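Hi,

Here is the structure I promised to pass on.

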Amino acid sequence: MFKKLIVANWKMNPETPLQAKTIAKGVLKKIPRGVEVVLCPPNIFWSDVAKVKRPSNVFLGTQNVFFEDKGAFTGEVSASMAKESGATFSIIGHSERRALGESDEFISKKVLAAKNAELIPIICVGEKEHDTQGLYLDFLKKQIISATSLLSKSAIKDIVIAYEPIWAIGKDAKNSMSSYDIHQTSLFIRKVFIDLYGQSGKGVRVLYGGSVAPENCEELVKNGEVDGLLVGHQSLIPENFIKILTAVSKIK
Ligand code: PGA
């Protein structure tokens with residue numbers, strides 16, 4: 001059994017290195033042991049956050065990586081650079097990056113580059129609209145097949161999938177997906193992995209993301225039966241993020 005995994009996606013926040021350090025310090029002074037935590041600050045503040053002492057169940061991650069190792073790729077950071085700088089995880093294919101034009105092909109190459117650099121990819125998938133006929137499930141399946149298409153079967157087992165329905169991102173707790181629907185979808189995602197990759201597919205951790213807050217986190221993890229959460233705006237408020245970690249750490 002894994003501990004639940006809670007990922008803090010700071011996105012393009014905060015605005016100064018001091019603010020980044022202050023958030024990290026605020027969170028790191030009260031980390032419960034029963035969860036694994038990944039902090040993903042903007043790359044430019046990475047070294048500031050990395051300097052803050054953290055317990056062994058807290059890891060650092062990047063919000064993106066590039067698929068080439070090095071060279072003339074202005075503005076990009078490679079998976080191996082992230083690894084060498086202390087990252088353990090990298091978010092890949094977040095819907096906000098897909099909206100900026102990141103293609104499925106790019107995402108599959110980034111997933112491979114992350115694995116080659118021994119980073120654990122947190123692959124984001126999620127539909128724009130939730131229909132009742134289940135078309136969104138076909139869409140998710142296609143995203144999963146494409147994102148993992150360059151990996152060998154054995155490389156699958158420790159990847160992380162963050163299911164983030166786009167319509168549920170960035171709102172308040174009442175507007176997250178219901179735990180019932182999360183459960184249906186997480187079962188579907190697990191089945192896709194097992195059908196595609198057999199035993200290795202069983203090792204994939206499935207997270208939920210989209211308007212996670214202290215008020216809904218316990219319900220979403222418990223009844224949604226997910227392996228953890230990807231938290232956006234609430235991860236920037238240390239006391240709220242600590243409430244989320246604490247509530248989830250108590251779930252049996
Ligand atoms: P949110 O963001 O928690 O602010 O909805 C989640 C995400 O986009 O990763």
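A quick convention before the notes: a residue is buried under 20% relative accessible area, exposed over 50% and partly exposed in between, using a 1.4 Å probe and protein chains only. This is a predicted model, so local features need pLDDT of at least 70 and side-chain atom pairs count only at pLDDT 80 or more, while totals for chains, interfaces and linings use all residues. Residues are numbered from 1 along each chain as its sequence is written, and side-chain values use heavy atoms, with hydrogens and water left out. Helices (H or I, at least four residues) and strands (E, at least two) are DSSP runs, numbered from the N terminus.

Loops to begin with. Lys11, in the loop between E1 and H1, has a positive phi of about 55 degrees despite not being a glycine. With a relative accessible area of 21%, Lys11 is partly exposed. Pro14 lies in the loop between strand E1 (4-9) and helix H1 (17-28), and a cis peptide bond joins Asn13 to Pro14, with omega about -10 degrees. Glu118 is another non-glycine residue with positive phi, near 65 degrees. You'll find Glu118 between helix H5 (104-116) and strand E5 (120-125), exposed at 58% relative accessible area. Ile44 sits in the loop between strand E2 (35-40) and helix H2 (46-50) and counts as exposed, at 70% relative accessibility.

Now the helix packing. The axes of H6 (residues 135-147) and H7 (residues 179-197) come within 11 Å and cross at roughly 45 degrees; axes are lines fitted to C-alpha atoms, for helices over the stretch in contact, and angles run from 0 to 180 degrees between N-to-C directions. H6 and H7 are therefore oblique to each other (under 35 degrees is roughly parallel, over 145 roughly antiparallel, 65 to 115 roughly perpendicular, and the rest oblique). On the H6 side the contact (heavy atoms within 4.5 Å) includes Tyr136, Leu140 and Ile144, and on the H7 side Thr185, Phe188 and Phe193 are among the partners.

Leu140 of H6 is buried, at 0% relative accessibility. Leaving aside neighbours within four places in sequence, Leu140 is in contact with Val125, Gly126, Glu127, Tyr163 and Thr185.

Ser179, Ile182, His183 and Ser186 in H7 meet Glu219, Leu220, Asn223 and Gly224 in H8.

On to the interior. A nonpolar core here is a set of buried Ala, Val, Leu, Ile, Met, Phe, Trp, Tyr and Cys residues joined through side-chain atoms within 4.5 Å. The largest has 67 residues, of which Ile6, Leu39, Phe193, Tyr208, Leu229 and Phe241 touch the most other members. Apart from that one lies another core of 13 residues, Ile120, Ile122, Ala162 and Leu207 among them.

Last, the cysteines. How many disulfides does the structure hold? There are 0, taking a disulfide as a pair of cysteine sulfur atoms within 2.5 Å. For Cys124 the nearest cysteine sulfur is that of Cys40, 9.4 Å away, and Cys124 is buried at 2% relative accessible area. Cys217 is buried as well, at 0%, and its nearest cysteine sulfur, again that of Cys40, is 18 Å away.

Cheers
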